Amino acid sequence: MKGFGNWVLGELFCVIVLFFQTVICAHVRYFKIPRLRSLKRVLKDCFHLFIWLFLSSVMPRKHRDILLKKGCILSRNIMSSERAEDYDYMAEDEDMAEFVDDMNEDNNERGGADLGDDEYNVLTKVTDTSSAQARSGKDIQGIPWDRLNITRDNYRMTRLEQYKNYENIPSSGDAVDKECKQMEKGGNYYEFFHNTRLVKPTILHFQLRNLVWASSKHDVYLMSNYSVMHWSSISSNLSEILNFSGHVAPTEKHPGSILEGFMQTQISTLAVKDNLLVAGGFQGELTCKRLDKGGVSFCTRTTYDDNAITNALEIYDSLRSGIHFMASNNDCGVREYDMESFQLLNHFRFPWPVNHTSISPDRKLITVVGDHLHGLLVDSQNGKTVSSVVGHLDYSFASAWHPDGNIFATGNQDKTCRVWDARKVSTPIAVLKGNLGAVRSIRFSSDGRFMVVAEPADFVHVYDTKADYKMRQEIDFFGEISGVSLSPDDEALYIGIWDRTYASLLQYNKRHQYGYMDCYL
């Protein structure tokens, strides 16, 4: 009976504590101060942990062991939640879905009735947006601003004030804010064409955002959870190319291939060119597939090191023969493979984790950036350093070469994209500052006219290289960016948006200025 009495006491105490927790959290939410919502979560977690500690002190040992297991699960969930919020993911209190809840509360404050199910569904059910609808005034993401309790401009201001840029070097972004000014807006090089809600891009690692690739103006490949998906903008068809949630094994035999394949591979990065696809995983996995054939061609693991994340991949035409791809890895290595035989050609080692590499158009130099303030230009044949790239204030995660073979760009967590001349890297020829956070992706157009720069969320900038990068188009939306890609002919620009409510694929088409007599040509 004593054990039963302790159990009843524990249950009663649990009910009382949960009641006070509910009241306090309701008050925190009632005031609708965004930063207090994080306090709400802290209070909630503290109450839960306090309950577990109290009950474990009054319960018999047998029940306490069961309780301990539950407590471990709870603490692991709390830690995983805090880890996500510490980084630059879209915070829960900044997610657009919160505003639907807030509007319901505002209705109550004004004496109105709660939102009905139909009206709530209208607010949360988002449809595609066409260019014609956007010209008529519809939000490109389908966000119903006229029915929310905040305007788009006010929400944009809130995002700019509250978005947390992740930095490895403290205050690197603040130092740039004081020294650099943004380039002039006003360019209009790509115009909105379509927002596709059927496509749901996702991100697995918050610093790695190269998960969208356009192989043509109408064909896009991207990651959606465990699947590589293909989107056709002509047929509006979404199809699954590879599913990594289960078993993936090669159907071809090549030396060095892991014939048993992989189970539940977590894909951290992706690359697609023509009919070739390479996916990189968290444990150093590489999976190669020919898109014009069924099955998987090759599976290997670059390293069994504990720090094995595949950070970036690049597929390119080799001047020697055939097509190669390069893998940048957290084990401080850069590996070059032949895409025909899938054999390792080169393995270069560096003193820090390599986050991104890009090879010059003449295939002689490789830009190497990673967990270091300085980048490197290295010889593609032997991996020896040709020169150091000095100027950034934090770690870099993006790089790209201009088609002329002299100019290249690097993207950094100090919120800048810096443009360099390989013939004289002592000083950047341009320092381009972002709005919210780190530069996660850079793409040059194939004709060299434009440079596309993606921040972690909300903003993609298109710079005019002929204007010395002093004129830009700013593409403004809401959501984390999973990747950006220009089609090989530069006619289409695709942007993957990851968000709990408004995940989608944005398509912008290149603007053309035709003369009066062009129709006769």
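Q: In the hairpin of β18 and β19, which residue takes a positive phi?
A: R363 does, with phi near 65 degrees, and five residues lie between the strands. Helices (H or I, at least four residues) and strands (E, at least two) are DSSP runs, numbered from the N terminus.

Q: What kind of model is this, and how are residues numbered?
A: This is a predicted model, in which local features need pLDDT of at least 70, side-chain atom pairs count only at pLDDT 80 or more, and totals for chains, interfaces and linings use all residues. Residues are numbered from 1 along each chain as its sequence is written, and side-chain values use heavy atoms, with hydrogens and water left out.

Q: In which sense do β18 and β19 pair?
A: Strand β18 (residues 354-359) pairs with β19 in the antiparallel sense over five bridges; two strands pair if DSSP finds at least two bridges between them. V354 has G370 of β19 as its bridge partner.

Q: Which faces of β19 are covered?
A: Both are: L365, T367 and V369 are buried on one side, and I366, V368 and G370 on the other. Buried means under 20% relative accessible area, exposed over 50%, partly exposed in between (1.4 Å probe, protein chains only).

Q: Changing topic, which residue's charged end sits over the ring of W213?
A: That is R443, 4.8 Å from the ring centre. The criterion is NZ of Lys or CZ of Arg within 6 Å of the ring centre and within 35 degrees of the ring normal.

Q: And what lies over the face of F397?
A: R440 does, at 5.0 Å from the ring centre.
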